[in-house]
Amino acid sequence: MTVSEFFGLYKALNATSERVLDLIEEPSAMNSAEKRIFSYLITFVSNSRQDDLRLFLRFVTGSSVLLGESIRVSFNNTEGLARSPTAKTCSCAIELPLSYSAYPEFEQELSKVLSSEGAWAMDTI
């Protein structure tokens, strides 16, 4: 592999909003609360800079580059201190609480999770 081919491959694996959005699977038969939270996730990814997209991919897939997996989305009813987006890197899945009342609240909490050192701890087997 030449250096030029290597950089071409790396560029192809680099995250862009459009590429990450293409990986996100829209759950079927969502209720209104799930549709609202799913739209928050789409807005978050659409508005993210490349560094934030890498963090998002690493959180959800375990890799900061695009590896072709789809990203599954599910929802839960956690509230209060237990509320937090969670990810399962083995299955490339993100689970989002339904208790966000507005996008800024969702954005702030997901950004905090992605920038937290604890987000990279593997604590479930």
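User: What are the ground rules?

Analyst: It is a predicted model: local features need pLDDT of at least 70, side-chain atom pairs count only at pLDDT 80 or more, and totals for chains, interfaces and linings use all residues. Residues are numbered from 1 along each chain as its sequence is written, and side-chain values use heavy atoms, with hydrogens and water left out.

User: Where is confidence lowest and where is it highest?

Analyst: Lowest in α1, with a mean of 73, and highest in helix α3 (residues 32–47), at 98. The protein averages a pLDDT of 88, and 90% of the residues score at least 70. pLDDT is the predictor's confidence in each residue, from 0 to 100. Helices (H or I, at least four residues) and strands (E, at least two) are DSSP runs, numbered from the N terminus.

User: How many disulfides?

Analyst: Zero in the whole structure. A disulfide here is a pair of cysteine sulfur atoms within 2.5 Å.

User: What is C92 in contact with?

Analyst: Beyond neighbours within four places in sequence, V60, T61, E69, S70, I71 and R72. Contact means heavy atoms within 4.5 Å. C92 sits in the loop between β2 (86–88) and β3 (93–97). C92 and I71 are 21 residues apart in sequence, yet 5.1 Å apart C-alpha to C-alpha.

User: New topic. How many salt bridges?

Analyst: Five. The rule is a side-chain nitrogen of Lys or Arg within 4 Å of a carboxyl oxygen of Asp or Glu. One of them is R83 with E109, at 3.0 Å, N to O. R83 lies in the loop between β1 (72–76) and β2, and E109 in helix α5 (residues 103–115), so the pair ties together parts 26 residues apart in sequence. Both R83 and E109 are buried.

User: Which residues are in a network with them?

Analyst: E105 joins R83 and E109 in a network of salt bridges.

User: And R49?

Analyst: R49 pairs with D52 at 3.8 Å, N to O. R49 is exposed, at 55%, while D52 is partly exposed, at 25%.

Terms used: Buried means under 20% relative accessible area, exposed over 50%, partly exposed in between (1.4 Å probe, protein chains only).
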